[in-house]
Amino acid sequence: MSLDKDLQCREIYTKAVCGKGRKFSQVTNTVTPPHAPTSILGAWIINNQYDAVKSGENVEVVGTYDINIWYSYDRNTKTDVAKETVSYVEVVPLHYLDKKHKSSTAEVAAVATQEPNCVEASISSHGDNVLIRVEREFKVEMFAETKVCVVVCPNGCDEYDDKHVDFGGVDDGDFEDLDPDLLDEELN
């Protein structure tokens, strides 16, 4: 049996997740089609591409996506598709941050938990632009070397190889007296 005074600790460096963050945002993009639109027939966002860059205690998600708008013009007698590439920078704060990480080893990664998606498309009050409301969400992580403290077994791990663990007399017969109908009623 080990006493607290017998515990030995070591500090080791390891690569670990040292920062996490998540950000949901709504933005409005303005697209000017070649013809003044009469009505919007559809709007899609495709080709989202992005990269993550560390910026202080934040991660910047830098990317682009294409907006495609199918619209009618000339009093609904003709249709066309307007295409525009939009650039964006989303600053995601690191809410969990290990201050003891080795900053020279930091790397960041981002995942789009919600790809940019058009939730509303409308014609502007002037009638010559289309306003596209976009929702997007990113989750980011920062990986770096950091120091962790571990408890060390002074005699190595061999002394625990052939040990049997008793979980305090759990008996398989303990549940035979339960009424299954009572359990079903609680679930409903």
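These are my notebook entries on a predicted model, arranged by the feature I looked up.

**Entry 1**

Three strands form an open sheet, ordered 2-3-4, and their pairing is antiparallel. I then asked which strands stand at the edges. Strand 2 (37–55) and strand 4 (78–93) hold these positions; each has a single partner strand, so one side of each is left without a neighbour in the sheet. I also looked up the angle between neighbouring strands, which are turned by 15 degrees against each other on average, direction ignored.

**Entry 1: strands 3 and 4**

I next examined how strand 3 is joined to strand 4. Strand 3 covers residues 58–73, and 16 bridges join it to strand 4, the two running antiparallel. For one position I looked up the partner: serine 72 has threonine 79, in strand 4, as its bridge partner.

I then turned to the loop between strand 3 and strand 4, where asparagine 76 is found. Its phi is near 65 degrees, a positive value in a residue other than glycine. I note for context that most residues other than glycine have a negative phi.

Asparagine 47 lies in strand 2. With a relative accessibility of 46%, asparagine 47 counts as partly exposed.

**Entry 2: the nonpolar surface patch**

I looked up which residues make the nonpolar surface patch. They are Leu41, Trp44, Ile46, Trp70 and Val81, and the patch has an area of about 460 Å². Strand 2 gives the most to the patch, with three residues. Leucine 41 lies in strand 2. I checked the exposure of leucine 41 and found a relative accessibility of 40%, which counts as partly exposed. The value meets the requirement for patch residues, because these need over 30% relative accessible area.

**Entry 3: the hairpin of strands 6 and 7**

I moved on to strand 6 (residues 102–123) and strand 7 (residues 130–152), which run antiparallel and are joined by 14 bridges. Within this pairing, cysteine 118 stands opposite valine 134 in strand 7. The two strands form a hairpin, with six residues between them. In the turn I noted glycine 127, which has a positive phi of about 90 degrees.

**Entry 4: aromatic pairs**

How many aromatic pairs does the structure hold? I recorded four. One of them is formed by tyrosine 50 and phenylalanine 138, with 5.1 Å centre to centre and 70 degrees between the planes. The pair is edge-to-face, because planes over 60 degrees apart fall in that class.

I then located the two partners. Tyrosine 50 lies in strand 2 and phenylalanine 138 in strand 7, so the pair ties together parts that are 88 residues apart in sequence. Tyrosine 50 is partly exposed, with a relative accessible area of 28%, whereas phenylalanine 138 is buried, at 0%.

Tyr50 and Phe138 form one cluster together with Tyr65 and Tyr88.

Methods. Residues numbered from 1 in each chain as written. Predicted model: local features only at pLDDT ≥ 70, side-chain atom pairs only at ≥ 80, totals over all residues. Heavy atoms only, no water. Pairing = 2+ DSSP bridges. Helix = DSSP H or I, 4+ residues; strand = E, 2+ residues; numbered from the N terminus. Axes fitted to C-alpha atoms, helices over the stretch in contact; angles between N-to-C directions. Patch = residues over 30% accessible without salt bridge, like charges linked within 9 Å, V, L, I, M, F, W, Y side chains within 5 Å. Areas by Shrake-Rupley, 256 points an atom, 1.4 Å probe, with all protein chains shown as cover. Salt bridge = Lys/Arg side-chain N within 4 Å of Asp/Glu carboxyl O. Buried < 20%, exposed > 50% of the residue type's maximum accessible area, 1.4 Å probe, protein only. Phe/Tyr/Trp six-rings, centres within 6.5 Å; stacked < 30°, edge-to-face > 60°.
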